[in-house]
Amino acid sequence: MPAAAKIFPPKTKTSAKPPAASSGGKAVKTERNCSVARTLDIVSDAWAFLIIREAFFGTQTFEAFRSALGIPRATLTDRLRKLTQLAIFRQVATRSSQRKEYRLTKMGFDLYPSFIALMQFGDRWLSNGKPPPLTLVHTLCGCDSHPIVSCSRCGKSVGARDAEYRDGPGAGRSAAKEGRNTRRASDNNRFLTGRPSSVSRALEIIGDKWSFMVVREGFFGNRRYDKILNELAIAPNILTDRLNRLVGSGVFRRRQYQSSPERFEYLLTDMGLELYGPFIAMLRWGDRWLSKGKPPLILTHIKCGQDFEPVVDCNRCNSPITAADMRYRLAYDPKSFGALGPRSVE
Ligand SMILES: [Zn+2]
Ligand SMILES: [Zn+2]
């Protein structure tokens with residue numbers, strides 16, 4: 001797959017040297033500024049993700065979130081508070097009672113295209129031959145829709161081999177955030193709580209931060225263990241674990257490039273390459289809402305030669321999709337999950 005090297009040539013001055021910015025003689029771990037990592041900081045918390053997903057389906061009250069997800073009250077209280085602080089939700093008082101409701105903000109609704117891009121990936125690669133849990137019906141055109149990630153400038157679809165990167169005004173490295181999203185991928189089955197969802201299946205594979213960052217290095221053309229280790233400032237046992245899992249789930253394949261000692265490199269499979277759509281959809285959300293107008297990366301669409309923003313378009317009418325314009329045909333009964341199935345077409 002020699003193409004990757006040409007396509008992802010981030011010979012970024014900022015990223016050439018790995019971690020260890022020194023502060024007071026003590027090495028501080030740093031990580032590349034990345035709008036996708038910032039986005040995943042939010043949605044890779046399984047409960048936060050599931051709450052946002054239920055909100056896309058119209059859930060607004062504490063009790064409705066609780067019954068749909070079977071989530072402990074204290075956990076739900078905590079996540080709703082955090083998501084409100086992040087301005088993904090706002091609280092509104094209702095007329096009938098003192099009970100507060102939770103509504104997605106503009107920023108929250110704007111996560112929808114990223115969810116849909118992940119859903120398309122999950123439908124295609126992770127549904128084990130079964131029909132997807134949801135069919136999307138786009139009300140603008142009335143068609144069953146399979147949204148695609150495309151170029152804001154020319155409208156054509158953008159795949160992993162169609163774009164180039166360069167550093168944007170927000171490029172550089174910052175102190176790595178320790179902790180909350182570094183749990184093992186094996187804990188990720190919590191994403192599968194509640195209604196069946198292709199987005200959950202996708203996050204189960206890439207939803208912990210390290211798994212995702214390893215995939216991102218693949219998009220940057222970094223294939224070799226030592227290079228990835230260096231770039232991410234990750235513990236060797238964690239990198240080995242994540243690479244093994246990602247090979248196991250079919251995102252990477254391993255190829256030997258040296259025999260004594262044995263050395264392997266990790267190449268994205270066709271399935272892995274298709275994570276690119278969700279990847280740049282999340283990138284755009286993070287750029288828009290979390291990077292203070294300074295995107296770390298600028299994308300250029302090779303086909304049209306222009307710098308672009310990724311947009312998630314309906315494949316039938318080419319309009320950008322929004323949560324408000326989508327209806328759903330469900331392959332399951334939402335009531336068996338205590339959940340809403342609003343705006344369904346049947
Ligand atoms: Zn283009
Ligand atoms: Zn449409």
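**A helix and its surroundings**

Reply: The buried residues of α6 pack against α4 (46-56), β4 (89-93) and β5 (100-104). Two residues are in contact if their C-beta atoms, placed from the backbone, lie within 7 Å. The model is a predicted one, in which local features need pLDDT of at least 70 and side-chain atom pairs count only at pLDDT 80 or more, while totals for chains, interfaces and linings use all residues. Residues are numbered from 1 along each chain as its sequence is written, and chains are lettered from A and ligands numbered from 1 in the order in which they are written.

Me: How are helices and strands assigned, and how many helices and strands does the protein have?

Reply: Helices (H or I, at least four residues) and strands (E, at least two) are DSSP runs, numbered from the N terminus. The protein has 14 helices and 16 strands.

Me: What span does helix α6 reach from its first C-alpha to its last?

Reply: The expected span of a helix is 1.5 Å times one less than its number of residues. Helix α6 (residues 73-85), with 13 residues, reaches 18 Å, close to the 18 Å expected. Just after α6, Ala-87 takes a positive phi of about 70 degrees.

Me: Which residues in α6 are buried, and which are exposed?

Reply: A residue is buried if 20 or more other C-beta atoms lie within 10 Å of its own, exposed if 12 or fewer, and partly exposed in between; C-beta atoms are placed from the backbone. In α6, the buried residues include Arg-79, Leu-80 and Leu-83. They cover an arc of only 100 degrees around the axis, taken from the directions from the helix axis to the C-beta atoms, which puts them on the same side of α6. Ala-74, Arg-81 and Gln-85 are exposed on the other side of α6. Over the protein, 40% of the 346 residues count as buried.

Me: What is the strand order in the open sheet that contains β13?

Reply: Two strands pair if DSSP finds at least two bridges between them. The order in this open sheet of three strands is β9-β13-β14, with antiparallel pairing. β9 (163-167) and β14 (306-308) stand at the edges with a single partner strand each, so one side of each is left without a neighbour in the sheet. β9 and strand β13 (residues 297-301) pair over five bridges in the antiparallel sense, and Tyr-165 stands opposite Leu-299 in β13.
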